[in-house]
Amino acid sequence: MIEARAASARLGAAKVVSQVSFAVGPGELTAVIGPNGAGKSTLIALLAGDLTPSSGEIYLDGRPLHHIDRADRALLRAVLPQGGVTDIPFSVGEVVMMGRHPHRRRADNSAASDRNAVWSALERTDTVALAERRFATLSGGERTRVSLARVLAQGTPLLLLDEPTTALDVGHEAAVMQELRRLTETGRTVVAVMHDLNDAARFSTRVIALDRGRLVADGAPNDVLTAELLTEIYGHPMRVIPHPYDDCPLILPEA
């Protein structure tokens with residue numbers, strides 16, 4: 001669904017992403033991990049087409065990304081950027097409806113299908129009760145869930161998410177991760193930057209580790225999330241033990 005071929009990106013004189021290559025197919029929930037400054041957000045921007053590679057190429061749905069116009073990209077991939085706007089003068093319902101804008105030019109789209117998609121997205125992010133609220137009045141966690149609802153309403157086969165659990169309480173964090181896993185079980189593709197390594201271990205089907213702009217590991221959570229690798233890239237001693245309830249590792253930073 002999305003592929004990077006020796007993709008690099010520069011921000012000024014610095015090479016932030018260097019010669020990264022991987023491909024992600026349908027049904028995968030790929031977690032992108034790494035320390036601050038590893039290039040994770042830049043990689044998401046490259047995959048989304050919001051940043052042009054300084055070298056290499058990104059392919060979306062088998063086509064060079066730069067050959068796909070923005071309107072068609074918006075029907076193929078939805079993007080949740082880090083942070084985002086906080087002071088837009090729209091209601092939650094209006095913000096989520098923005099996710100339906102790419103579908104307006106489709107002959108088979110209708111106002112009813114837009115409303116149904118928005119309502120479904122609100123339900124799946126537990127934001128129905130916020131629909132009439134002004135987006136700017138929401139808490140950080142509420143804004144994260146509404147922004148994710150906008151992405152879900154867009155209805156694309158690929159979701160590119162930069163920290164989709166930012167500021168969420170533990171219950172909503174688990175619910176969001178379960179929803180993302182459910183999406184992949186229906187054949188959708190999710191690539192998500194994650195700082196919570198235990199979310200990556202428990203919910204992802206694949207983990208990509210970045211360090212100083214380079215891809216240093218790519219594989220199943222049990223293979224990538226090792227004490228040796230995590231200690232090396234995060235610069236802090238890490239302990240990895242079997243999870244007591246799930247078939248995945250449990251990551252514990254040492255005190």
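Colleague: Is Q19 buried, partly exposed or exposed?

Modeller: Keep in mind that this is a predicted model. Buried means under 20% relative accessible area and exposed means over 50%. Q19 has a relative accessibility of 46%, so the residue counts as partly exposed.

Colleague: Where is Q19 found, and what is its phi near?

Modeller: Most residues other than glycine have a negative phi. Q19 is found in strand β2, residues 14–24. Its phi is positive although the residue is not glycine, with a value near 55°.

Colleague: What is phi of D126 near, and is D126 buried, partly exposed or exposed?

Modeller: D126 is found in the loop between α4 (111–124) and α5 (140–154). Phi of D126 is positive, near 55°, in a residue other than glycine. With a relative accessible area of 48%, D126 is partly exposed.

Colleague: How many helices and strands does the chain have, and what is its radius of gyration?

Modeller: The chain has nine helices and 12 strands. The globule rule gives 18 Å for 255 residues, and the chain comes close to that, so it is as compact as a globular protein of that length. Its radius of gyration is 18 Å.

Colleague: In what order do the six strands of the open sheet stand, and which strands are at the edges?

Modeller: The order is β6-β7-β8-β3-β9-β10, with mixed pairing. A strand with a single partner has one side left without a neighbour in the sheet, so the edges are β6 (77–80) and β10 (214–219).

Colleague: In which sense do β6 and β7 pair, and which residue stands opposite A78?

Modeller: Strand β7 covers residues 158–162, and its pairing with β6 runs over four bridges in the parallel sense. The residue in β7 that stands opposite A78 is L159.

Colleague: Which strands does helix α6 lie across, and which strands does helix α9 touch?

Modeller: Helix α6 (residues 170–185) runs at about 135° to β3 and lies across β3 (29–33), β7 and β8 (189–193). Helix α9 (residues 227–234) also packs on the sheet, and its direction makes about 35° with that of β9. The strands touched by α9 are β3, β9 (206–211) and β10.

Colleague: How many of the nine residues of helix α1 are buried?

Modeller: Among the buried residues of α1 are L43, I44 and L46. Helix α1 (residues 40–48) is largely enclosed by the rest of the structure, because its buried residues number seven.

Colleague: Which residue forms a salt bridge with R206, and which residues are joined into one network?

Modeller: The side chain of R206 meets that of E28 at 3.3 Å, N to O, in a salt bridge. This pair links distant parts of the chain, with R206 in strand β9 and E28 in the loop between β2 and β3, 178 residues apart. R206 and E28 are buried. Salt bridges that share partners make one network of E28, R206 and D218.

Colleague: How many residues apart in sequence are the parts tied together by R124 and E179?

Modeller: The closest N and O atoms of the R124 and E179 salt bridge are 2.8 Å apart. R124 is partly exposed at 27% relative accessibility, whereas E179 is buried at 9%. R124 lies in helix α4 and E179 in helix α6, so the parts tied together are 55 residues apart.

How values were computed:
Residues numbered from 1 in each chain as written. Predicted model: local features only at pLDDT ≥ 70, side-chain atom pairs only at ≥ 80, totals over all residues. Heavy atoms only, no water. Pairing = 2+ DSSP bridges. Helix = DSSP H or I, 4+ residues; strand = E, 2+ residues; numbered from the N terminus. Contact = heavy atoms within 4.5 Å. Axes fitted to C-alpha atoms, helices over the stretch in contact; angles between N-to-C directions. Rg over C-alpha atoms; globule rule 2.2 N^0.38 Å. Buried < 20%, exposed > 50% of the residue type's maximum accessible area, 1.4 Å probe, protein only. Salt bridge = Lys/Arg side-chain N within 4 Å of Asp/Glu carboxyl O.
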